[in-house]
Amino acid sequence: MDFTLPADVEAIRLRLRRFVDERIIPCEADPASYDAHENIAPALLARLREQARQEGLWALQMKRHRGGGGLSMAGMAACYEEMNRSIFGPVVFNSAAPDDGNMMVLEKIGTEAQKAQWLQPIIDGAVQSAFAMTEPDGCGSDPALTYTTARRTNAGWVIQGRKWFITGAETAKHFILIARTSEDARRGLTAFLFHADQPGWRIVRRIPIMGPEEHGGHCELAFEGLEIPDENRLMEVGDGLKLTQIRLGPARLTHCMRWLGLAKRCMEIALDHAGRRQAFGATLIEHESVQTLIGQAGMDIQIGRLLTMNAAWKLDQGDFARNEVSMAKVVVADALHRAADTALQLLGARGYAKDTPVEWIYRYARQARLVDGASEVHRMVLAGAMRRQGLDFWSWGDGH
Ligand SMILES: Cc1cc2nc3c(=O)[nH]c(=O)nc-3n(C[C@H](O)[C@H](O)[C@H](O)COP(=O)(O)OP(=O)(O)OC[C@H]3O[C@@H](n4cnc5c(N)ncnc54)[C@H](O)[C@@H]3O)c2cc1C
């Protein structure tokens, strides 16, 4: 078994590390680098995005002929981790959620005309995108509860309903929307595209949250007669759940890749501090109980990396890797929590201050156990797979 990265991926990974170290991390300490919602300020983002583009570190997950870097999922696993050693990293390289997941699903299932109109501007960084599925008291962990409807008309579809927690909605232009088109249990949902400038929908509110926000926030949306032409339907009528599964597999995994970067950064900060800070006649790192905390967090991160890389490898083989993605999602979300909590604890009061990114990461991390499937739901899915697959649940690549 060979865990060596291909030479071209390793070269990109090292260039990303240098870019993050030299250009992005130094910006984190300056309050002027932040917007009102604790994310990178637009002017600084535009400047860094231009530099990333010039250095060929742009949209690395996308195909080369569309202006991307052509990375495999395994290549992305190595590179996204490097990007998110800075809290600002992924968005600088156009690899942040939800654009990242939206680009990947549109590349997979869009028609050529849809890709030209809806995908290419996201890759180019000309527009932001959003994915609208979750509803207040409706679709959440269970998509069967979806109540937002798409009613067929002569011209296309009319949408009525409500969505919430839609990341980026305040500034996004291109939306993917999941709506109910029939009561069929498996084929009752359909996916559509719409543009922010179309009438018939509105933002009810930008939901205040505990953590720092993505650009465009997390919004509640009302649909009051939005008209969508049939050419802006994605896949076939009734394929909404299928599209969601195609999107969420890789999108969950890229969350893991990024979270591992944040977790590693926490440990970098913790180790640096623990190696210098004196207490009771020794540096913190010399105390055995501190070593236990650090060793555990480091081990959790490595377990998460192996699960993530294994799932990425399976996705690269054309497998949906459902079990592997679920396992990685649960374990990495917990690893991120442990790393942020360990770092904060070892930093003492400094960790509770905004003087290091640990406080930012700690608040951000809480969403990891909820978004893209709560940990309990992933465990439920895994239990179901174990009952169906028996010993094959633990198969190697060839299914044995
Ligand atoms: C920061 C953030 C960004 C988000 N961005 C988007 C977005 O861009 N687009 C979008 O569509 N949605 C988005 N979401 C919504 C997210 O995907 C949902 O929150 C998630 O799917 C859970 O749904 P819910 O909140 O309705 O929780 P519920 O379905 O109400 O579940 C609540 C809790 O119940 C428990 N639970 C549920 N089912 C089971 C079960 N079978 N077994 C045991 N326990 C269970 C879990 O603990 C779960 O956390 C975002 C959420 C957050 C917090």
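Mentor: Let us begin with the ligand, and then turn to the helix. In this predicted model, the residues of the shell around the ligand comprise 11 nonpolar, 6 polar and 2 charged. In total, 19 residues surround the ligand, and the closest are Met-133, Thr-134, Gly-140, Ser-141 and Ala-374. Strand 1 (129-132), strand 3 (156-167) and helix 12 (375-389) each contribute at least two residues to this shell. Both domain 2 (129-234) and domain 3 (241-394) supply at least three residues to the shell around the ligand.

The protein chain is split into domain 1 (7-123), domain 2 (129-234) and domain 3 (241-394). The centres of domain 1 and domain 3, taken over C-alpha atoms, are 21 Å apart. Across this pair, 23 residues of domain 1 are in contact with 24 residues of domain 3. On the side of domain 1 that touches domain 3, the elements giving two or more residues are helix 3, helix 4 and helix 5 (99-109). Helix 3 gives the most to that side, with 8 residues. By class, the side of domain 1 that touches domain 3 has 12 nonpolar, 4 polar and 7 charged residues.

Of the 11 residues of helix 3 (residues 73-83), 11 are buried, so the helix is largely enclosed by the rest of the structure. The buried residues are Met-73, Ala-74, Gly-75, Met-76, Ala-77, Ala-78, Cys-79, Tyr-80, Glu-81, Glu-82 and Met-83. Their cover includes helix 1 (7-28), helix 4 (89-92), helix 7 (240-276) and helix 8 (288-316).

Among these covering elements, helix 7 may be followed in detail. The axes of helix 3 and helix 7 come within 7 Å and cross at roughly 35°, and their crossing is right-handed. From helix 3, the residues that meet helix 7 are Met-73, Met-76, Ala-77, Tyr-80, Glu-81, Glu-82 and Met-83. Their counterparts in helix 7 are Pro-250, Leu-253, Thr-254, Met-257, Arg-258, Leu-260, Gly-261 and Lys-264. By class, this contact of helix 3 with helix 7 has 9 nonpolar, 2 polar and 4 charged residues.

Terms used
Residues numbered from 1 in each chain as written. Predicted model: local features only at pLDDT ≥ 70, side-chain atom pairs only at ≥ 80, totals over all residues. Buried ≥ 20, exposed ≤ 12 C-beta atoms within 10 Å, placed from the backbone. Helix = DSSP H or I, 4+ residues; strand = E, 2+ residues; numbered from the N terminus. Contact = placed C-beta atoms within 7 Å. Near = placed C-beta within 6 Å. Nonpolar A, V, L, I, M, F, W, Y, C, P; charged D, E, K, R; others polar. Domains from an automatic or database assignment. Axes fitted to C-alpha atoms, helices over the stretch in contact; angles between N-to-C directions. Left-handed = near helix turned anticlockwise from the far one by under 90°.
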